[in-house]
Amino acid sequence: MRPILLQGHTRSLTQIKYNREGDLLFSVSKDQVVNVWYSHNGERLGTYNGHVGAIWTVDVNSTSTLLLTGSADNTAKLWEVQTGKCLHTWEFKTAIKRVAFSEDDAMALAVTEQRMGYPGTVVILSIKNDIETEQSDEPINIIYPKGSKAMAAEWGYLNKYIITGHEDGSVAQYDWKTGDQIKSVKAHNAEITDLQMSEDRTYFITASKDKSAQIFESNTLNHLKKYMTDAPLNSAAITPIQDFVILGGGQDAMQVTTTTMRQGKFECRFYHKILEDVEVGRVKGHFGPINTIAVHPDGKSFSSGGEDGYVRVHHFDEDYFRFKYPELH
Amino acid sequence: MPGFDNARQFPQSIEELDFSDIEEKYKVPFEEGFDTIIVVDNAPTVDESKKDKLLKFIRKIFKNAGNIKDIDMPMDPDPKTETLTSKGFLFIEFETPEQAAMAIKQYDGYPMDKTHHLAVNRFTDIEKYSQIEEEYKEPEEEKFVDLGSDSIAEHLRSWLTDPQARDQFVLYRGDVVSIFWNKKTEPPEEVHKRMNWTETYVKWSPLGTYLATFHRQVIALWGGPSWNKIIRFVQSGADTPFGPEDEGRQIIIWDVHGGNLLRSFPSSTLSSDGTPNKITWPMFKWSPSDKYFARVTQGQQGQQGQQALSVYETPSMGLVGNKSIKIEGLVDFEWAPSSDKEKERDKHSGEKKQKEELLSYWTPEIGNQPARVTLLNIPSKEILRTRNLVNVTDCKIHWQSNGDFLCVKVDRHTKTKKSTFSNLEIFRVREKDIPVEVIEVKDVVIAFSWEPKGKRFAIITTSDPNYGQPTQGGVTLKTSVSFYYLEKPKPGKETLEKKTSNAIYWSPLGRHVILATLRSATTFDLEFWDLDFETTLDQKEFAKADPAACLQLMNTQEHYGVTDVEWDPTGRYVITSSSFWRHSIENGYILWDFKGTQLQKHLLKKFKQLLWRPRPKSLLTSEQKKALSEEEIKHRRRLTEEWNAWRKRVEKELSEERENAGIVLPSRRDDDTIEVIEEWIEEVVEKTEEIIDD
């Protein structure tokens, strides 16, 4: 496959996200810039200007009309996708590390950082999908996770609950209406860096600095799969077609001084989702650790954003789709 | 804080001081001194006046054995004459225990004159024999356990039937030798442990059936699930085959099953100038079928250039054709390994046909005959191929593991003899007329290794000026590593520059290789490479065109103080160890998987050696091996079925819940109905009108 290189950021990428149709790819970076690109050819449509701090997170609603970003400038901003206009700004006491629209776009969650006497929280915001209407400043609820702070979070299907991944490696389920923890499991030995839902939100994958990624069932938090690697992981995604998971991360800190700089050797690793131990392939090309991975909703392409400031869009070729393990079929 | 409060309790005089700790530290071990002393008995008894004459006489006799450090003949007053007389025995101290041994050998029983036959013994032996019990006790008979020949084999190979297909390894640490099962990510499971099981080191038999331990005069073999002593071989004299002793120390060939001595050979002969020859080990090289064993013999004393290749056959233990093959200038030879196909054919054919076995040897330039590599068949002694070489400094013979290829690394000097470079002469042994290809290498080749069972090899070269110089000891050389692919029509090559690697370790199955930097003070790199890395997502097309394109570095790791790298026999795991025999910093071992993922690390003080237990050659053909084992396939099917069943259940639950809630999400994926519309819009950028006046 030939990757398309998107050069639009001057500092490391923090998150990339496809819209529901997959024709648009949103990217945010520490350089305070939000970019939107056509995913099929890499052409940039535009930017969303307004943040005055590193942008940590981005999400888009299911109709591709509203964009939500969270930043180190202690604000979360809502944008009109088409025009780039900032529709609303929510102010917080600390930086916002993760935002996510609920399935029905009526709500969004924002994970706030823990700092200077302020505990980390998960804020539930009400979103009005009509662009003209004024957004409400008042959150529906604020969840104060007990114990370790949340690093990433996602909505369950039908808004049943919120799933959170924490700094101590645990994964929890929260009732967003009451703010209570429903359930918690000790999943990883180090902080969770990413949490991504499957297409139907019945299971999700977590990536961690403990060099592994795991899959859990959403309703029960039962552990389903574990993928071991040799580098701390920053992101993990599930492919909607073909049974793969894609993992990306960085080189072990210890190795940095003893190995020669290997140009373009940071890799996205593909593992077989069901067979766990089986590494299917690697895609290299980034010049620095991979911070974020997103898979196109149709499963025919995926993108990765790196510490090197580049977004690489890969469209799979024939071989990928024909790949099967003969003994399984 | 020490103070003077208890001054009264201080020792008052030097006698009261306690020196016991210093004494411990500097104690001279009692025994060591006495191995060099012999007792000479049955000497004539003399008085003071004749003492010197006798001592001079004794000295003259014994000086052939070695350097006499001291002679002591105790004199006691004779009750009859009341003069000091000797008692008929004396002590002689030599410089080394070996000289003392020589003296005993040569002069025990020496007739000084008609009535005095000297008895010469080790001083320490006297002590030993004086302690033998007066009464004869019949030795306990070792119980003979008749296992029957089939169950013996089963019993000795029991470790292969481990249901988890684990491999064993032996660990020698301090004084303890233990056997463990490898348990991947968990700490290894100990099977057996014994203190002082060996005196020097341990070694597995080539098929992994026995563990050999080495002691002063005995080599013992152990095996079976309970690690009983299977058999022991007693040698007179010490165990290691080094050292220029003539006679007494011998090279002996034993039959392992019965413990019989098959044949012994004198260990060294003197070369033409009278100095004993240096022994190179292995002294004998066995042919792959074990039917023949051979060695290079130097000529008779005084005759220069009469080297010969002595090939013996089993079970007769005699020379093939009853004579050695005279090859002038013969330096070294190697048997060709047999291929897996040949081994299978033999197994299935049932009878052992008289098969030709190939070996290769090289001879340097002699007179006007050029240096030459020769391929010779045994037992026919037919020469299959020769190859002349010029300007040769040295040759090294490297056979590929199946005997398909032979590489002779030729170090050449330029005409001025100022610089050396290397050539690799590749013999394609299986092809008609055995064609030879020459690969020129600009720099010095410091390491060479064939991929097991493959058509590829790796070399390490260096152009570092420190190589070969006295300064090399402290320097980590800059090296380059090259991988060669013996494809037709021209060998392909892939080179990695700016390395420090100086050792190549292929996985026993080929494909994977570790490049290590050993014996450096600053770098301890381990690079895990895969030569056949094909991603299914790309490069599969490239792979067919250019095999070198699949070279992939899987991982780079480090093991501080690494001294050895050992693959397990299945190629799944690797152990890198830091041995106490080489240095004492951070001894221990690390277990990795073949991709270079660290699985376990153990720091063990006084860790000496770790050896995987070899496996006998697989009974499966290579085709059978390539396919996944039954187990693997079952496991994969099971995982997939479990997953699919779970998905079905969850999807059903989900759709029910959605229906109840009245919310049904539209399906995201409408595969063929996505229309991509690209519009090219023409925009007028600029419009200019130019009016041209004529």
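Visitor: Where is B:Cys407 placed in chain B?

Guide: B:Cys407 lies in strand S26 of chain B, residues 405-413. Strands (E, at least two residues) and helices (H or I, at least four) are DSSP runs, numbered from the N terminus. This is a predicted model, where local features need pLDDT of at least 70, side-chain atom pairs count only at pLDDT 80 or more, and totals for chains, interfaces and linings use all residues. Residues are numbered from 1 along each chain as its sequence is written, chains are lettered from A and ligands numbered from 1 in the order in which they are written, and side-chain values use heavy atoms, with hydrogens and water left out.

Visitor: Why is B:Cys407 called buried?

Guide: Its relative accessible area is 0%. Buried means under 20%, exposed over 50%, and partly exposed in between, with a 1.4 Å probe and protein chains only. B:Cys407 therefore counts as buried.

Visitor: Which residues is B:Cys407 in contact with, leaving aside neighbours within four places in sequence?

Guide: They are B:Lys396, B:Ile397, B:His398, B:Leu424, B:Glu425, B:Ile426, B:Phe448 and B:Trp450. Contact means heavy atoms within 4.5 Å.

Visitor: Why is B:Phe19 called partly exposed?

Guide: The value for B:Phe19 is 38%, and partly exposed is the class between the buried and exposed limits. B:Phe19 is found in the segment before helix H1 (20-26) of chain B.

Visitor: What makes B:Phe19 part of a nonpolar patch?

Guide: Patches are made of residues with over 30% relative accessible area and no salt bridge; nonpolar side chains (Val, Leu, Ile, Met, Phe, Trp, Tyr) are joined within 5 Å, like charges within 9 Å. A salt bridge is a side-chain nitrogen of Lys or Arg within 4 Å of a carboxyl oxygen of Asp or Glu. At 38%, B:Phe19 passes the area limit. B:Phe19 forms the patch with B:Ile14, B:Leu17, B:Ile22 and B:Tyr26, with about 530 Å² of accessible area together. Accessible areas come from the Shrake-Rupley method with a 1.4 Å probe, and for residues only the protein chains shown count as cover.

Visitor: Why are A:Met116 and B:Asn322 called exposed?

Guide: A:Met116 has a relative accessible area of 71%, and B:Asn322 has 70%. Both values pass the exposed limit, so the term applies. A:Met116 sits in the loop between strands S11 (107-112) and S12 (121-126) of chain A, with a positive phi near 45°. B:Asn322 is in the loop between strands S19 (318-319) and S20 (325-326) of chain B, with phi near 60°.
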